[in-house]
There are 2 protein chains.
Amino acid sequence: MVIEKIKESRFTPDVFDITTFGTAFADHMLLSWYKDGKWSEPIIKPYGKLDFTPAISVGHYGQGIFEGMKAYKGETGDVYLFRPDKNLERLNKSAERLDMPQIPEEIFMDGLKALIDLDRQWVPSTYGMSLYLRPVMFATEEAITARSSNEYLFAILTAVAPNYYNKPLSVKVADRYSRAANGGVGFAKAAGNYAGSFYPTHLAREEGYDQVIWTDDATHTFIEEAGTMNVFVRINDKLITAPTSERILDGVTRRSMIELAKAEGIDVEVRKVTVEEMHTAHKNGQLKEVFGVGTAVVVNNYVAVGYASERLELEDLPETESYGKILKKKLVDLQMGISEDPFGWRLKVEENLVEA
Amino acid sequence: MVIEKIKESRFTPDVFDITTFGTAFADHMLLSWYKDGKWSEPIIKPYGKLDFTPAISVGHYGQGIFEGMKAYKGETGDVYLFRPDKNLERLNKSAERLDMPQIPEEIFMDGLKALIDLDRQWVPSTYGMSLYLRPVMFATEEAITARSSNEYLFAILTAVAPNYYNKPLSVKVADRYSRAANGGVGFAKAAGNYAGSFYPTHLAREEGYDQVIWTDDATHTFIEEAGTMNVFVRINDKLITAPTSERILDGVTRRSMIELAKAEGIDVEVRKVTVEEMHTAHKNGQLKEVFGVGTAVVVNNYVAVGYASERLELEDLPETESYGKILKKKLVDLQMGISEDPFGWRLKVEENLVEA
Ligand SMILES: Cc1ncc(COP(=O)(O)O)c(C=O)c1O
Ligand SMILES: Cc1ncc(COP(=O)(O)O)c(C=O)c1O
């Protein structure tokens with residue numbers, strides 16, 4: 001790994017006051033280039049510009065995949081990652097489906113650790129805060145022919161993350177548009193999945209909602225997932241979440257929530273759940289909560305779910321009663337090194353990993 | 001429009017001997033930038049590099065759309081476009097679905113004409129040859145938050161096009177993977193549609209086929225379209241093509257072929273066609289031809305169609321008997337200014353449109 005350190009850090013403590021997500025980047029980035037069938041030695045260098053022409057393949061044919069992760073700083077000042085192996089695994093599943101090369105574990109894991117170690121002052125220590133990490137791979141060949149690119153960039157960017165989505169959201173159940181096809185790329189963290197979701201989300205916003213809950217494209221009957229979150233529905237004291245499938249992203253937060261809920265003795269069912277079941281439960285007063293889970297939001301308890309022309313309002317349960325809030329605290333405590341880590345999910349980023 | 005002419009043209013007559021598609025670009029490109037809700041004055045300048053960071057939005061969230069068009073040079077030396085209004089219309093439909101801004105007609109049409117006028121020596125005059133034109137728009141904001149970009153680049157690139165796809169192809173009918181969902185982005189010329197198709201195409205290649213014929217994602221029963229072509233099936237003397245839908249790209253070549261076929265007195269039906277119907281016709285000796293149509297290939301008469309484990313071989317009909325070949329000649333003659341233009345499809349690119 002080549003390290004080219006920034007001459008003078010751009011860090012100042014007020015970066016932690018930034019209120020927009022994903023537009024302020026820490027000092028360094030990691031880059032590796034794929035060409036002639038192999039990855040170049042990774043380089044960590046100051047975040048900045050690269051040269052591309054408008055013939056850059058991803059702009060035309062969309063081969064782009066990414067991951068979303070976070071680095072947390074505990075009370076002792078130690079910096080942690082959360083289950084990064086799951087992100088690498090998913091990135092490589094996405095890569096396969098998009099006909100892109102696999103990322104070697106050394107580049108991903110060693111690169112990630114070295115990058116965070118170097119920019120560790122950018123990781124906030126306030127409870128619930130973190131530095132957002134964005135591994136991304138996209139097609140860079142200067143070629144506008146409709147085939148897989150022969151060249152790719154793998155990068156890891158790190159962005160200042162304010163307390164993202166801490167406002168409770170309202171979501172609209174999709175009854176016209178869809179996110180994923182059977183036999184499509186829904187399970188991949190593929191760039192095109194997001195592009196396709198923005199217009200329906202825009203329409204949902206015009207109706208007063210923040211995001212869309214996607215349903216199956218054939219019948220719009222089954223609840224699949226939300227914009228950037230997997231969804232849990234609580235009916236009475238049962239927590240239900242859809243099984244992952246080739247149409248649904250296998251979220252790391254979702255998996256972790258299922259295990260945490262089980263450890264808490266909460267009754268969790270992984271099974272298909274219909275919009276109708278949710279609707280009926282609401283009518284009968286049995287729909288206790290609906291929440292989205294994902295790396296960015298951790299857990300967001302929805303305040304309302306739009307279903308056709310109805311708006312199902314949800315009660316704001318107190319911290320001690322809401323499964324969403326209870327599990328969120330469990331998860332954040334574990335991520336920040338406050339609680340024990342019985343599952344072995346936390347990975348400490350060692351200091352001085354790289355000599356600069 | 002700002003014109004910044006190349007100091008010394010890179011043109012040499014042997015560019016017409018290039019055998020790869022989409023990697024050799026003519027002298028100039030057109031650029032316009034969308035920011036703060038409006039498009040910048042377009043600039044035509046030498047094709048080349050731009051500055052982007054790895055946080056470029058399209059690499060993460062896939063907002064990218066494009067068009068494929070051609071410029072033709074007739075025997076008199078005049079240069080023509082073919083139905084460019086249809087491409088603009090489709091580009092703006094794609095833009096809407098991907099939550100991207102509309103391209104104003106002046107930027108698209110005046111830009112296209114000025115660019116081709118300037119690079120007219122790059123348009124070959126050999127019968128069947130052309131200069132490939134690539135209008136493209138993608139998200140350029142330096143932001144990794146999952147929302148529509150606030151900034152876009154619109155560019156027109158022009159690439160040397162050898163006689164693309166002149167080799168007859170064999171195609172595999174999709175029975176596992178899909179290209180588009182109901183309520184998805186299949187009708188748009190969206191970058192992500194192509195990214196999702198490369199892996200299934202890769203698998204089809206391993207089975208000895210060149211491309212995939214996509215079917216509906218729910219049942220894999222209906223023939224939809226091929227990789228970059230709409231599909232026509234000829235059973236006895238009837239030519240059948242699927243109606244366009246929200247899952248199928250509304251090809252300019254397909255539309256034109258339907259009208260040309262009608263003018264030729266060929267019996268054309270626009271209706272759903274099942275894989276089974278094609279298979280049965282083949283068994284009974286009634287499947288005369290299956291061909292793909294699109295700007296790049298014009299018409300490609302398939303030599304074989306793979307269906308489950310069967311390979312349906314197709315006869316190579318002579319020029320005078322194949323509907324595909326008859327219509328291809330009609331279309332190319334019209335595009336190159338050799339025949340009359342009863343439909344008003346041809347647009348002559350005037351000379352000296354721009355003062356440089
Ligand atoms: C579509 C989608 N679903 C679900 C999730 C949640 O996944 P994770 O918990 O791994 O962040 C994400 C990611 O952020 C996502 O983009
Ligand atoms: C998916 C797809 N279908 C069909 C076509 C044919 O469209 P057109 O005839 O407008 O080139 C294309 C474009 O090239 C395409 O990409």
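Two strands are taken to pair if DSSP finds at least two bridges between them. Helices (H or I, at least four residues) and strands (E, at least two) are DSSP runs, numbered from the N terminus. The structure is a predicted model, in which local features need pLDDT of at least 70 and side-chain atom pairs count only at pLDDT 80 or more, while totals for chains, interfaces and linings use all residues. Residues are numbered from 1 along each chain as its sequence is written, chains are lettered from A in the order in which they are written, and side-chain values use heavy atoms, with hydrogens and water left out.

The secondary structure of chain A consists of 7 helices and 21 strands. The C-alpha trace of chain A spans about 60 × 50 × 35 Å along its principal axes.

Within chain A, strand S14 (residues 229–235) runs antiparallel to strand S15 (residues 238–241), and 4 bridges join them. A:Ile235 lies opposite A:Lys238 of S15(A). The hairpin of S14(A) and S15(A) has 2 residues between the strands, and A:Asn236 there adopts a positive phi near 50 degrees. S15(A) also pairs with strand S16 (residues 267–270) of chain A, in the parallel sense and over 4 bridges. In this pairing, A:Thr241 has A:Val270 of S16(A) as its bridge partner.

In chain B, strand S12 (residues 211–215) and strand S13 (residues 223–226) are antiparallel and are joined by 2 bridges. B:Ile213 stands opposite B:Ala226 of S13(B). S13(B) is in turn joined by 2 bridges to strand S14 (residues 229–235) of chain B, again with an antiparallel course. B:Glu225 has its bridge partner, B:Asn230, in S14(B). A hairpin with 2 residues between the strands is formed by S13(B) and S14(B).

Between the two chains, 67 residues of chain A are in contact (heavy atoms within 4.5 Å) with 67 residues of chain B. The buried area, defined as the accessible area (1.4 Å probe) that two parts lose on being put together, summed over both, is about 5,300 Å² for chain A and chain B, and carbon and sulfur atoms give 60% of it. A:Pro54, A:Ile144 and A:Phe198 account for 13% of the area that chain A buries against chain B, more than any other three residues.

The interface has 2 salt bridges (a side-chain nitrogen of Lys or Arg within 4 Å of a carboxyl oxygen of Asp or Glu). A salt bridge links the side chains of B:Arg176 and A:Glu246, at 3.1 Å from N to O. Elements of chain A that each supply at least two residues of the side touching chain B include strand S2 (28–35), helix H2 (84–97), strand S9 (130–139) and helix H4 (191–206). H4(A) gives the most to this side, with 9 residues. By class, the side of chain A that touches chain B has 37 nonpolar residues (Ala, Val, Leu, Ile, Met, Phe, Trp, Tyr, Cys and Pro), 11 charged residues (Asp, Glu, Lys and Arg) and 19 polar residues (the others, Gly among them).

S5(A) and strand S5 (residues 50–52) of chain B run antiparallel and are joined by 3 bridges. A:Asp51 has B:Asp51 of S5(B) as its bridge partner.
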